[in-house]
Protein chains: 2
Amino acid sequence: MPEIRQNIITREWVIIATERAKRPEDFARAAADRVSPPRYVPTCPFCPGNENQTPPEVYRQPSSGPWQVRVVPNKFAALDSSAELSRNIHGLKRTISGAGIHEVIVETPEHDRVTALLSEAEMAHVLETYHRRYLAVTSDPRVAHATLFKNHGVRAGTSLEHPHSQIVGTPIIPPGVRDRMEHALRFYDENGECIHCAVLADELRDRERIVAQSRDFVAFLPYAALTPFHMWITPLRHTASFAEATPEQLADLAGLLRTVLRKVYFGLANPDYNITVRTPPSEARGLRYYHWYLSVIPRVTRVAGFEIGSGMFINPSLPETSAAFLRGAPAGPA
Amino acid sequence: MPEIRQNIITREWVIIATERAKRPEDFARAAADRVSPPRYVPTCPFCPGNENQTPPEVYRQPSSGPWQVRVVPNKFAALDSSAELSRNIHGLKRTISGAGIHEVIVETPEHDRVTALLSEAEMAHVLETYHRRYLAVTSDPRVAHATLFKNHGVRAGTSLEHPHSQIVGTPIIPPGVRDRMEHALRFYDENGECIHCAVLADELRDRERIVAQSRDFVAFLPYAALTPFHMWITPLRHTASFAEATPEQLADLAGLLRTVLRKVYFGLANPDYNITVRTPPSEARGLRYYHWYLSVIPRVTRVAGFEIGSGMFINPSLPETSAAFLRGAPAGPA
């Protein structure tokens, strides 16, 4: 029988539609849909030698010699980094000037690399760069919240093959972020405990939704995972904001994220996916009631009218089955 | 310069990214992507003659002779109509048995018809059926909320070509629905007015986001439309719930919905889209502070990591420009 589960942190309800269940391997990308891009593309703005096709870089690693990671303002930025912040309330219409920061993090000079197949050192450089740019972007007085994310593949919303991530610093805090924080605060007031820490303790006891674990982080499918293979990677020690992650934690996360992405890559034949860093507003550090995490969402199903109209999700797989599949999936070529 | 707009009803913020703006016609479906299905498909469970491939029908129109509209339980139902309702709270885990109703509304016997090209009488029969089944599904004591929706095309989440809609009656009320109602109630308490009626008055005064209007309804792009061509079709007279729509209103809506879908079909070359009926929980009728509507969402852009991670949207088009385009788009073949 299907069941409906709630994620106690996000309050989202998910229909676990076991009657529609497919086997985990049925979600793998079809062979016909696999592409092998070339190592270098003359028209790609992120390939070495084409640096003049992007706005001037704001960060690079290493600082001299050929770059390995490069950060540039997005040429087609959603927000304007030179705009003044102003708010206009005209009757029922609320408008804020589109002031903010939108950068692209080029993860590797090689066009045909796949993020999952970066070396552990390369992955660590990418996460270090995430952290540095998060601190830089949120230090802008116009920025209230920053969203770090990666779109891998067309179904995940990108048409650019060259491996890259993005950061967008917005002058407003999304209402969904505020709602989650209020909910977490209420839980803290009632239970004297961070809601994420409580769920984490539960998951570490159950173990059946855990995919992989490192010294400082654990990767698991939430009890009410929205889609097959939807994972959270959460710091084991209570930490409110991504801003507070230490270099040691980031290096440890690089290893675990790489393992998780490789399991997805080899287990599901390189599906499209999104990664997002879920962290509170930039002013919120050291909170006892909130906890940052990283979300990995393979895009193996589609959002349809039911999800749009209800805000609920239908997940055609049991999170425990998906977790067992990924636990057993190889983190390297067979 | 880009601007960030808020939908005062949903509280959602949208970046109107004018720097990325495309012309409205650039969102049209590419010629290579157009398909012409056959009139009859032997393996299609919704084609006449194949009625035995579906569970027994729960409704049909007309009641005798060949059917024009047919409603059947979904063969791969997300919820179980024979299950007992039970709630299980085990520590932090909230689970409800998957009891509920999931039906398919087959809109026409002809496999190759497109909903937009139904006659006005046919469209009226579909909406009458929506209403009847909404009343029937929400009369089940296990159902707390029903979501009516349509997925047109693969990008909108369906792989079945035969024109159909769906209704899902769930035993829980989605938190997003509750949140909107609370917000509307607060607005009512503070302003003595339904928030939808207030926005409607604003839109009817501005007129620049209106696409089409009938005696009883108006179709417009919200000030903070989430995506290009995202439309709301709202009853002009205050009505809380879809359950309260009269036969005359439904007939009037059929004409306007048909006009809107035909403008989308001819203006954008038959893009994939979702329709959802946004209505309060089934117990909520006659409320002074809430107002049902129908949402039409052409799927011409993709939800990516930014939207998933922030809950905000980036709309690469100005709602006023999209509305002007649809106002001018033909509602019939050129």
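# Exercises on strands and contacts

In strand E13 of chain B, Tyr273(B) has His152(B) opposite it. The model is predicted; local features need pLDDT of at least 70, side-chain atom pairs count only at pLDDT 80 or more, and totals for chains, interfaces and linings use all residues. Residues are numbered from 1 along each chain as its sequence is written, while chains are lettered from A and ligands numbered from 1 in the order in which they are written.

**Exercise 1.** Find which strands pair with E13(B), and in what sense.

*Solution.* Start with the terms: strands (E, at least two residues) and helices (H or I, at least four) are DSSP runs, numbered from the N terminus. Two strands pair if DSSP finds at least two bridges between them. Next, take strand E8 of chain B (residues 145–152), which is joined to E13(B) by five bridges in the antiparallel sense. Then take strand E14 of chain B (residues 293–298): E13(B) pairs with E14(B) over six bridges, also antiparallel. In E14(B), Ile297(B) is the residue opposite Asn274(B).

**Exercise 2.** Decide whether the residues of E13(B) are buried or exposed.

*Solution.* A residue is buried if 20 or more other C-beta atoms, placed from the backbone, lie within 10 Å of its own, exposed if 12 or fewer, and partly exposed in between. Check one side: Tyr273(B), Ile275(B) and Val277(B) are buried. Check the other: Asn274(B), Thr276(B) and Arg278(B) are buried too. Six of the six residues of E13(B) (273–278) are therefore buried, and the strand is largely enclosed by the rest of the structure.

**Exercise 3.** Describe the surroundings of His131(A).

*Solution.* First locate the residue: His131(A) is part of helix H1 of chain A, residues 120–138. His131(A) counts as buried because it has 21 C-beta neighbours inside 10 Å. Contact means that two C-beta atoms, placed from the backbone, lie within 7 Å. Leaving out residues up to four places away in sequence, His131(A) touches Ala245(A) and Leu250(A). Finally, Pro247(A) is 116 residues from His131(A) in sequence, with 9.1 Å between their C-alpha atoms.

**Exercise 4.** State how strands of chains A and B come together.

*Solution.* Now list an open sheet of five strands with mixed pairing, in the order E5(A)-E6(A)-E1(B)-E2(B)-E15(B). Its edge strands, E5(A) (87–90) and E15(B) (313–315), each pair on one side only.
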